[in-house]
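Hi,

Here is the structure I said I would pass on. Have a look at it first, and my notes on what turned up follow below.

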Amino acid sequence: MTPRRPEQVEKLKKGLSSTQVSQNREQFGRNILQEAKKESIWKKLILQLTEITSLILLFAVVLSAYMAISYNSGWTKPIVIGSIVVLNVLIGLYQEQSAEKSLAALRDMSEPTTQVIRDGTSQRISISDIVVGDVVTLNAGDQVPADGELKKLNALTIDESILTGESEPVEKTTKAPETAPDSVGDHINKAFSGTLVTHGTGTMVVSTIGMKTEIGKIADLLNTTKRHKTALQRRLSRLSLVMTFIAVVSGVFMFILSTLHELGNPMDNLMIGVSLAVAAVPETLPVIVTISLSVGVQKMAKRNAIIRRLNSVETIGSVDVIASDKTGTLTQNKMTITRLWAFDHKPENIKAGQLLSDSATSLMRLFALDTNAVINEDHAEGDATELAIIRLLHQNHLSREHFEQNAPRIAERPFSSDKKTMSTLHELKNGHFLLIVKGALDKLPIILSESDSQQLNKIHDDFANDALRVLGVAYREFEKKPDEDIESLEKKLTFAGIIGLIDPPRPEAKKAVQQAKQAGIKTIMITGDHKATARAIAAQIGIYQNDDLTVSGSDLKKWDDKTLAKKIDKVSVFARVSPEDKIRIVKAWQQKGKVVAMTGDGVNDAPALKAADVGIAMGITGTEVAKGASDLILTDDNFATIIEAVSSGRTIYQNVLKAIEFLVSVNFAQIFLMVGSVLFGWGVPLIAEQLLLINVLADGIPGFYLSREQGEAQAMRQPPIPSDQSIFSNGVGLRMFVRSTIYTILTLAIYAFGRFILTDNNSQVGATMLFLTLALGSMIDIYPIKARESLTLKSIKANRALNVALLTAAAIIILVALIQPLQKSFGLVELTPFQWTISLITMFIPAILLELNKKILAKSKK
């Protein structure tokens, strides 16, 4: 170890002064990882206004405003249409802002702290408050807050897997490497931001913070990566294009027809065309989709899944493949001793609640004395293996302190990654001295007979075949205190026994994997464990089947992309893989047209999380970089939560489809109604204000509450929806055609009946009866649409919010038709009781016919 000068020692004792902290913060900035530059409110506003539906409505606003000014046609049209534009934009911006606030709240809740020395005193501060030059004290369990040089340490080991992918902790030193390091992992005299101290203590002087750290460099690369549109975004874009094309063609056609029939001046005819274009576009659909996704975000948050991006709600419902990390997600992230073997006795299984035998207690005494882990009420310190030893002791009402009363420790040789062992020397009550060495079985210097060696190998193999990590312990007793150093004593040891440890699967993981399988989702495990261990765990959970392949990172490197694409269907376990391997796995599935979800927690997982269709970060163990690259954060790090999120995503997608079916089919009917009426020589039956009132109030308000519908019973028993599948598939298009046909025939009939039969060519009476039938009828038949099964009283009552909204909207429609000032504003007239009766009876016809159609289709399927 290089001797430190007195001024260096003094600096480590005092740390920075308050003045130096302020100066360094001003010079180097704050210790935070910056996200990509956020879009301004103006850019977000422009994006909202350039949606196709918004553009059509904006044109209608401009035209109607021009007519109001030039022809004194009144301001009802521009006010109503303009209100719809404003509503769409405000809700879109509000939901986006809400999602960003949720993430910021999560980040604030989870910000870690660190111990620094400033002004000669030790104090705990937020990691973001670290500055260059700070003297940081590192202890087991701490997260390293920044990059820096190690100046003083005691048996310090750091888990750098989030940067390097290496699962074994790195033993640190204050001596710089003799040759220039090739990679981050070779800087043995430095500590890096985001890594985890697993053992020992150390003192570090911060040299780099924020985006200049190794973690920051990766975060900066991630900020330049662009994302693809989600499946629902692509489907809605295609639908918008179809509807826009139909709207434009219909509007032009209506303008030509109106001009040919000399229904009015050119500006009036142009407004008729625009009115039809407005009728063709479901104005409230973007709002309903946004609300549906927002409801999904709120539901998922209550189920421990924080959605970072609104559209990821529906994407996760379309997932075909879930590539899940093992540790902490499928397993409990808590190493547990499940079997042990005390030499010269039979192997024992460790069962919960069952006390250890005398021989097992003697064996665990040796392990306990040669352990540094500590478990208190509020925290645990130490590596996972030693914590497992302490937990087993506590379950049997024992402790390390209990054994140390009769065998206090007088010397220690810390764990060495080279030796793979740790040693301690103890003074016994009888005056003798006891040396204990624990560690990897093949590293213990023990002497056994050939038969004993064969027995040990057999039992070791039995443990390993059950995916148990094997740890051995041996000892040597001295009559007097040895003069040699402890390392020189480690020879000719007496073998005591072994323990078998495993990170057990989460109890709910097996059920969740089975649910995923029923839903047509393939679950694959990606882990840093060895193949045998990974395969055994995967088999217990139900991921690995007999004919599946288990592939290691070294195997994967031998496969080119063509071979990987050919074999990937059969692989259920990937072991010892690198960050680059994870991206290859994701892309191989995506090239097959599959929607892929990937879980991860480390910085090295972040590129794969961003490459996946749904990146899922761990909220408890995940790094800030992993969370920043993700679409969804699990606050409980639990695989079962992913399956619940999939179920929510599928429910939301179903509800969006119901909203499309509910809104678009009536919009098509309105087009056919308007064109048909003009072709028959009847003129335009409905004006723009009436069409907008129907689209926004009668259809829109009840449509909003379709987002609160519960999921269909069969939602998680059907395969995922292919990413290239049309919105109109699976019977949606057929049902929309039937509904449009019903409304086209019905509305033309009721208009003709009111205008030519009940009155002597009174178009306003016909239009008023048509308005009531279309508005109220399209509200009532939301019930056949919201339930795929036949309607029951239970299904009608199920969504109370929808029922209240429908009654409210119906009441407004009826008041508009009854109150004279409102009648005049919307071009309606007063009806006789008989005309009212006909209108109210007619409005139930679509719902009845849709229910009959549902029964006919069910019978044809059988």
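There are 20 salt bridges in the structure, a salt bridge being a side-chain nitrogen of Lys or Arg within 4 Å of a carboxyl oxygen of Asp or Glu. Before the details, a word on ground rules: this is a predicted model, where local features need pLDDT of at least 70, side-chain atom pairs count only at pLDDT 80 or more, and totals for chains, interfaces and linings use all residues. Residues are numbered from 1 along each chain as its sequence is written, and side-chain values use heavy atoms, with hydrogens and water left out.

One of the salt bridges is Asp134 with Arg118, with 2.7 Å between the closest N and O atoms. Asp134 sits in the loop between β2 (121-126) and β3 (135-139) while Arg118 belongs to strand β1 (residues 113-118), so this pair ties together parts 16 residues apart in sequence. (Helices are DSSP runs of H or I with at least four residues, strands are runs of E with at least two, and both are numbered from the N terminus.) Are these two partners buried or exposed? Asp134 is buried at a relative accessible area of 0%, and Arg118 also counts as buried, at 9%. The cut-offs here: buried is under 20% relative accessible area, exposed is over 50%, and partly exposed is in between (1.4 Å probe, protein chains only).

Asp462 and Lys458 make another salt bridge, with the closest N and O atoms 3.3 Å apart. They are four residues apart in helix α15 (residues 450-465), which means about one helical turn separates them. Asp462 is partly exposed at 33%, and Lys458 is exposed at 54%.

Then there is Asp561 with Arg584, a salt bridge at 3.1 Å from N to O. Asp561 is in helix α19 (residues 561-567) and Arg584 in helix α20 (residues 579-591), so the pair links parts 23 residues apart in sequence. Asp561 counts as exposed at 54% relative accessibility, whereas Arg584 is partly exposed at 21%.

On to the sheets. Seven strands make an open antiparallel sheet, in the order β11-β10-β18-β17-β16-β15-β14; two strands pair if DSSP finds at least two bridges between them. Its edge strands are β11 (348-349) and β14 (409-416), each pairing on one side only. Helix α12 (residues 358-369) packs on this sheet, touching β10 (336-342), β11, β14, β15, β16 (433-439), β17 (469-478) and β18 (494-502), and its direction makes about 85° with that of β18. Contact means heavy atoms within 4.5 Å; axes are lines fitted to C-alpha atoms, for helices over the stretch in contact, and angles run from 0 to 180 degrees between N-to-C directions.

β16 and β17 pair antiparallel over seven bridges, with Lys438 opposite Val473 in β17. Seven antiparallel bridges also join β17 and β18, where Ala474 faces Phe495 in β18.

Strand β9 (residues 321-325) is worth a look too. Five of its five residues are buried, so β9 is largely enclosed by the rest of the structure. Both faces are covered, with Val321, Ala323 and Asp325 on one side and Ile322 and Ser324 on the other. β9 runs parallel to strand β19 (residues 522-527), joined by five bridges, and Ser324 stands opposite Met525 in β19. β9 also pairs in the parallel sense with strand β22 (residues 596-600), over three bridges, with Ile322 opposite Ala597 in β22.

For the whole chain, I get 32 helices and 24 strands, and 52% of the 862 residues count as buried. Of the contacts between residues at least 6 apart in sequence, 70% join residues at least 24 apart. The accessible surface comes to about 39600 Å², with 55% of it belonging to carbon and sulfur atoms; areas are from the Shrake-Rupley method with a 1.4 Å probe, and for residues only the protein chains shown count as cover.

Cheers
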